[in-house]
Amino acid sequence: MRKLFVDLKERAYPLYIGCEIVKNFKNYFKENCSDTTKIVLFVSNTVSKLYKQVIDESIPYDLKIIISDGESAKSLEYANTIYTQLIQNNIDRKSLIVAFGGGVVGDLAGFVAATFLRGVSLVQIPSTLLAQVDSSVGGKVAVNHALGKNLIGAFHQPKFVILDINLLKTLPKRELVSGLGEVIKYGIIWDEAFFEFIDRHFQDIQMLETNTLTSIVEKSCNIKCAVVSQDEFDQSLRPILNFGHTIGHALEASLKYSGLRHGEAILLGMKTVSSISYKLGKLNAENFDRICKLINKNEIHTKNLELDIEDVIARTKVDKKILSGKVRFILPGKIGEVFVTSDVPTEILCEALSELKKENFKQ
Ligand SMILES: NC(=O)c1ccc[n+]([C@@H]2O[C@H](COP(=O)([O-])OP(=O)(O)OC[C@H]3O[C@@H](n4cnc5c(N)ncnc54)[C@H](O)[C@@H]3O)[C@@H](O)[C@H]2O)c1
Ligand SMILES: [Zn+2]
């Protein structure tokens, strides 16, 4: 078992990384949350069935809340039904919410933990690659609004996170690809050697080879921890983690959140902003080519989807990263380094999206 720390002074917390380590839950709990009164387990429908035995043997709880699968659970209405259950079950301020599932469960449980009784403690046990390398670490929690994703949220750091690689063995292929979107993101924004590692071990990752998965989860979390420890509240460095997300979110929204998995949209978003950077002369041809090749190795389910470029462009403008009316893009300068700019002419954005449409979407 490996242990990383998210270094946030009084809010610092450990990440435990290893194989079959959910069974150590009680030990981690004793180490980090000894004064808890009650445990409320939030678990996704699928995960509760797949890991019934693990839950029964290793995670003691006073109340279990099964979360339906799919993004629609991340809503204020859904959260409200949960508040009712918490109140009816006398859940108090010293209670602990444990989120066991993918990013949807983590974000929803985290949002409830941040807001119920002005905040109760949270533990994350992410069960998708995407949640392990991204959403469970860093304290961003949110629900969606009809007008946009993750618009209602808070910063609420967990007490600890269990990253159990064994949970990934049951992950459907498409969810693996989705998680890889965020993993590849870390390589491009921060670490060229990691980008190469992912490229070299691409096949092992597809085979869910334990050591390789452990390495990519650990490295991704290392990078996320480094960024978040320097800028917990999105004031300076942290926005680079949104590389590929301005366009990715716009694609997801334009396809009504039902066409693409989050990480698939991020893969396409990263490809588009890399193309923009290349067109602007900021990214060289060799780096652009390597980025596209690695992204294209992933099977992204777009061939039957129609892309409305005008709509996507309009949606980039409601992105949360808008600063005084201008959309800010995070562009790669080279593999391992990104920069932020508001200077992307609409024609270039349009050209890059047209190419994406031609290569990936229904003609
Ligand atoms: N808070 C953040 O910083 C942050 C960062 C990135 C993404 N997100 C959010 O995360 C969400 C996406 O998360 P996700 O990709 O994990 O999707 P998800 O939570 O919808 O999970 C995907 C599917 O996989 C199933 N599943 C989960 N674990 C499994 C396992 N071990 N084996 C088999 N099936 C399993 C789930 O039941 C679900 O059907 C989005 O809402 C996104 O906005 C948040
Ligand atoms: Zn993301």
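**Reading burial, helix faces, domains and a ligand shell**

Me: Asp-234 counts as partly exposed, since 16 C-beta neighbours sit inside 10 Å. What makes a residue buried, exposed or partly exposed?

Reply: You count the other C-beta atoms, placed from the backbone, within 10 Å of the residue's own: 20 or more is buried, 12 or fewer is exposed, and anything in between is partly exposed. This is a predicted model, where local features need pLDDT of at least 70, side-chain atom pairs count only at pLDDT 80 or more, and totals for chains, interfaces and linings use all residues. Residues are numbered from 1 along each chain as its sequence is written, while chains are lettered from A and ligands numbered from 1 in the order in which they are written.

Me: Where is Asp-234, then?

Reply: Look in the loop between helix H10 (210-230) and helix H11 (245-254). Helices (H or I, at least four residues) and strands (E, at least two) are DSSP runs, numbered from the N terminus. Asp-234 isn't a glycine, yet its phi is positive, about 65 degrees. Asn-90 also has a positive phi, near 55 degrees. Asn-90 belongs to the loop between helix H4 (76-88) and strand E5 (96-101), and it is exposed, with 11 other C-beta atoms within 10 Å.

Me: Which residues of helix H15 are buried?

Reply: General idea first: an α-helix has 3.6 residues a turn, so residues three or four places apart point the same way. In H15 the buried ones are Leu-349, Ala-352, Leu-353, Leu-356 and Asn-360. Down the axis of H15 they fall within an arc of 95 degrees (taken from the directions from the helix axis to the C-beta atoms), so they line one face of the helix. Glu-347, Ser-354 and Lys-358 are exposed on the face turned away from that buried side. The buried residues pack against helix H12 (262-279) and helix H14 (309-316); contact here means C-beta atoms, placed from the backbone, within 7 Å.

Me: Which residues are buried in helix H1 (residues 25-32)?

Reply: Phe-25, Tyr-28 and Phe-29. Their arc, seen down the axis of H1, is 105 degrees, so they line one face of the helix. Lys-26, Asn-27 and Lys-30 are exposed on the other side of H1. Strand E2 (13-18), helix H3 (52-58) and strand E9 (160-164) are among what covers the buried residues of H1.

Me: What surrounds ligand 1?

Reply: A residue joins such a shell if its C-beta atom, placed from the backbone, lies within 6 Å of the molecule. For ligand 1 that's 29 residues, and the closest are Thr-46, Gly-102, Gly-103, Val-104 and Ser-135. Domain 1 and domain 2 each give at least three residues to the shell. Helix H2 (45-50), helix H5 (103-115) and helix H7 (173-190) are among the elements that each supply at least two.

Terms used
Domain bounds come from an automatic or database domain assignment. Two residues are in contact if their C-beta atoms, placed from the backbone, lie within 7 Å.
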